[in-house]
Amino acid sequence: MLEIKSLHASVGGKEILRGINLTVNAGEVHAIMGPNGSGKSTLSNVIAGRDGYEVTQGEVIYKGDNLLNMAIEERAQRGVFLAFQYPVEIPGVSNIYLLKAALNAVRKHQGLDDLDAIDFLTLVRSKLELVKMDEQFLHRGVNEGFSGGEKKRNEILQMALLEPSLAILDETDSGLDIDALKTVSDGINALRSPDRSIVMITHYQRLLDYVVPDFVHVLSKGRIVKSGDKELAKELEKTGYSWVNTETEGLPA
Amino acid sequence: MKQLTELATPFASVADSLPLVGNEFPWLNALRQQATSQFNIDGLPAKKVEDWKYTSLWSLAQQSFTHDADKFSLDAQQCDQIALLVDAYRLVIVDGEFSQGLSSVDALPAGLSITSLSTSLTNVEHVLGKQVDLAKAGLTALNTMLMNEGVVVTVATDVHIEKPIELLVINSGNTEGLATHLRNVITLERNSKATIIEHYVGLSDDNYFTNVVTEVVLAEKAELNHYKLQQESKNAFHIATLAAKQAANSQWKTNNISLGAKLARNDVHSQLLGEQAHVVMDGLYLVNNDQHIDNHTRIDHGVPNTTSEELYKGVLEDNSHAVFNGKVIVHKDAQKTDANQQNHNLLLSRGCEIDSKPEMEIYADDVKCGHGSTVGQINENQLFFLRARGLDEVTARSLLTYAFAVDVLERIPYEDIRQALSVVIEQRLPRGGK
């Protein structure tokens, strides 16, 4: 599904990612953990294609093609989904309009016709239930006046509707109270499937209690310094990230 | 030099040669005479005049216009397509002439009167000209000198009209360089209510000149929802004055949407003359290529306890130029005035220019007044978000532009009018719709 090879990337001339190697197979759930400034968000932004991130070396192969050569929207249309750490508010664009436009963009890429209004609404309603959102959220501006938890649930709603092949969840657990965390986790778990891969980027271990990953990687100073299973996350929770920094200091850049 | 001296169209002598309506009314002749004298003094304002600093009428002055329209007939079906609303009382003016056949003003409810100006001059003697100032730099004197048609709407005391009224003013493009000077008079008597849309449409790319003055009189407790949609030809001049006097407890909600014309100027003025009078003065301008649009608004809070809300938004593209000058004057005794004025602009190209000048003159000491003005570009985070959801860049930009613009329709209480206007705005967006 996803193969990241020796990925180096800079922001404003400063190298943030310094040789990431990661393989994610279909059906797997990976967690990428790391302290602040380790490059977690840079990695998700590079995969999604945000401006301002310069890839200086390496490649990101998605389903056999180099993702880095594709426009932002093409990545999305091909099934790559980024759940935003800070979902933006777009007053004046209703949530339902966004959902419809996004779904139809993906369907068009797949050679499918637009869903008609009734089928679309039926589909959206079933997804709303999954994230426990009221239908009135559909008619509000995208994330406009939403609480932190509502914004994150809205991200999961979009993911559930678009059914991506690869989902990158960037700090989806940040700013959530325990109930919202559970709802969001249920939503993510419902989307686990043998042909879908999920990469969760997180600072804390607590999300991983609810969405249990197959693999856990520790990112430090732009590189994966340790990989393991869910036990690694628990270890991190106990010991913090300080050992990570010490351990990596001796490595060549 | 306060005026443009070289006029390709000798407007003053045109007034002598034209068969002007109403020359049997001494009061009207006197008013026209006064206007002619004023025009002879002021002419067309030059950029030296403060209120015309950013808008040059030089190209208008250079143009030779005719006041003699060739006959043109439009069929009812075409007219239906041009109109904004399907279900409305409609009065149609084509190339400066009232069209009885295309209008639907015969079967009106009791208390509502919609007539052409030329047939109702006997009824407007005490209203016409009273809301505007002939001496104010602009084209009102020219309009008064040459006005030959328009619409007179009157709603009687306690009458509430639900169905909207559309004043449809069409330039067919059949007469090259046609100048029309229209005067509309809208009167809402005590505790009456109506919704009126002024709609200006050019059917060609012709160069022509629409000069319109609309006067609004709102008696106590009267409530007028008033919208203007300007879709003139891309080579036309559109100069409009819209002025209202509002008595106590009256409400005027106006929204001024400018899409067309090569050069357009709106002067919108509300005088709040009775306590608890309220005005909502909104507007939107979408300009591209080398279009020039100038909105000058003015709200006079003349007595205590009046309120005003104003929101003008603009979207500029290519080498277009827009001007917003909004003046709010709180007079000496107008305590407890509540006034808010906003002007926000979205610039889509490097070549466009906005001159935004919000002004507040406050002579009372117990008031709540605020204003703001912004100029910005498409938000890159929003753009990235939409693209990351699969929308291509052109669609995403267009959608964000639409979202910015359509915001000014929020205060229109009628869903069908809001819907009709949002469709028009969507079609006019850069690169084709949301």
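Me: Which domains does chain B have?
Reply: This is a predicted model. The assignment gives domain 1 at 3-274 and domain 2 at 379-434.

Me: And what separates their centres?
Reply: Over C-alpha atoms, the centres of domain 1 and domain 2 of chain B are 30 Å apart. The contact uses 14 residues from domain 1 of chain B and 12 residues from domain 2 of chain B.

Me: How much area is buried between those two domains?
Reply: About 1,100 Å² between domain 1 and domain 2 of chain B. Carbon and sulfur atoms give 72% of that area.

Me: Which residues of domain 1 lose the most area there?
Reply: Leu84(B), Tyr227(B) and Leu259(B). Together they make up 41% of what the domain 1 side buries against domain 2 of chain B.

Me: How many salt bridges and polar contacts between the domains?
Reply: The salt bridge count between domain 1 and domain 2 of chain B is 0. For polar contacts, the rule finds 2 residue pairs across that interface, both at pLDDT 80 or more.

Me: Which strands supply the domain 1 side?
Reply: S9 (193-202), S11 (223-231) and S13 (251-258) of chain B each supply at least two residues of the side that touches domain 2. The largest share comes from S11(B), with 4 residues.

Me: Switching to chain A. How many residues are in contact?
Reply: 16 residues of chain B contact 28 residues of chain A. The area buried between the two chains is about 1,900 Å². Carbon and sulfur atoms supply 68% of it.

Me: What does Arg389(B) meet in a salt bridge?
Reply: Glu155(A). The side chains sit at 2.8 Å, N to O. The count between chain B and chain A is 2 salt bridges.

Me: How many residue pairs are in polar contact across the chains?
Reply: The rule finds 8 between chain B and chain A, both residues at pLDDT 80 or more.

Me: Which helices of chain B supply residues to that side?
Reply: H6 (380-388) and H7 (393-406) of chain B each supply at least two residues of the side that touches chain A. H6(B) gives the most, with 7 residues.

Me: New topic. Where does Ile82(B) lie, and why does it count as buried?
Reply: Ile82(B) lies in helix H4 (residues 76-82) of chain B. It counts as buried because its relative accessibility is 16%, and the cut-off is under 20%.

Me: What is Ile82(B) in contact with, beyond its neighbours within four places?
Reply: Leu74(B), Leu168(B), Ile170(B), His199(B), Val201(B) and Leu203(B).

Definitions and conventions:
Residues numbered from 1 in each chain as written. Chains lettered and ligands numbered in written order. Predicted model: local features only at pLDDT ≥ 70, side-chain atom pairs only at ≥ 80, totals over all residues. Heavy atoms only, no water. Domains from an automatic or database assignment. Contact = heavy atoms within 4.5 Å. Buried area = accessible area lost by both parts, 1.4 Å probe. Salt bridge = Lys/Arg side-chain N within 4 Å of Asp/Glu carboxyl O. Polar contact = N/O pair within 3.5 Å; in protein donor to acceptor, adjacent residues only side chain to side chain. Buried < 20%, exposed > 50% of the residue type's maximum accessible area, 1.4 Å probe, protein only.
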